[in-house]
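Colleague: I would like to learn to read this fold feature by feature. Could you take me through it?

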Amino acid sequence: MKKFQVNLYDTDTNKHVNNIRYLQWLVESIPEEITDNYYLHSLDGRFISEAQYGDIIVSLTNQGDEENSFVHTIHVQGSDRTCATAKTVWKKIEK
């Protein structure tokens with residue numbers, strides 16, 4: 001779990017979070033062991049509701065059913081508002 005405050009640079013002209021920012025927040029909640037040794041092979045994401053300037057975002061990540069897969073939920077702290085969900089699959093970097 002990681003928390004982020006929505007800053008002005010995270011938003012569009014309507015002060016709603018830009019969709020790419022949700023993806024960045026979910027990747028930041030992946031364990032460092034994975035991001036250092038694996039690459040993002042696939043991502044299936046759903047954008048559900050908008051976060052806005054000033055919101056505190058909670059990015060939750062849990063191990064998925066497949067090896068090196070993760071299930072993500074991004075929501076606004078203090079509310080039941082889910083902003084995005086995703087599943088990521090990571091493949092080992094061959095050195």
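Modeller: We take the sheet, then the helix, then a loop residue and the cores.

Modeller: This is a predicted model: local features need pLDDT of at least 70, side-chain atom pairs count only at pLDDT 80 or more, and totals for chains, interfaces and linings use all residues. Residues are numbered from 1 along each chain as its sequence is written, and side-chain values use heavy atoms, with hydrogens and water left out.

Colleague: In what order do the strands of the open sheet lie?

Modeller: Strands of a sheet pair through backbone hydrogen bonds, either parallel or antiparallel. Strands (E, at least two residues) and helices (H or I, at least four) are DSSP runs, numbered from the N terminus. Two strands pair if DSSP finds at least two bridges between them. Here 5 strands form an open sheet in the order β1-β3-β4-β5-β2, with antiparallel pairing. β1 and β2 stand at the edges with a single partner strand each, so one side of each has no neighbour in the sheet. The twist averages 20 degrees from one strand to the next; axes are lines fitted to C-alpha atoms, and angles run from 0 to 180 degrees between N-to-C directions.

Colleague: Over how many bridges do β2 and β5 pair?

Modeller: They pair over 9 bridges, in the antiparallel sense. Asp44 stands opposite Lys87 in β5.

Colleague: Which residues of helix α1 are buried?

Modeller: Buried means under 20% relative accessible area, exposed over 50%, partly exposed in between (1.4 Å probe, protein chains only). In α1 (residues 19-28), the buried residues are Arg21, Tyr22, Trp25 and Leu26. They lie on the same side of α1, because they cover an arc of only 140 degrees around the axis. That arc is taken from the directions from the helix axis to the C-beta atoms.

Colleague: Is Ser29 buried or exposed?

Modeller: Ser29 counts as buried, because its relative accessibility is 11%. This residue is in the loop between α1 and α2 (32-37). A polar contact is a pair of N or O atoms within 3.5 Å; within protein, one must be able to donate a hydrogen and the other to accept it, and residues adjacent in sequence count only if both atoms are side-chain atoms. The side chain of Ser29 makes one with the side chain of Ser59 (3.3 Å). A polar side-chain atom of Ser29 also lies 2.7 Å from the backbone oxygen of Leu26.

Colleague: Which residues have the most contacts inside the largest nonpolar core?

Modeller: A nonpolar core is a set of buried Ala, Val, Leu, Ile, Met, Phe, Trp, Tyr and Cys residues joined through side-chain atoms within 4.5 Å. The largest has 13 residues, and Tyr22, Trp25, Ala51, Ile57 and Ile74 have the most contacts inside it. α1, β4 and β5 each give two or more residues to this core. A second, separate core of 5 residues includes Ile30, Ile34, Tyr38 and Trp90.
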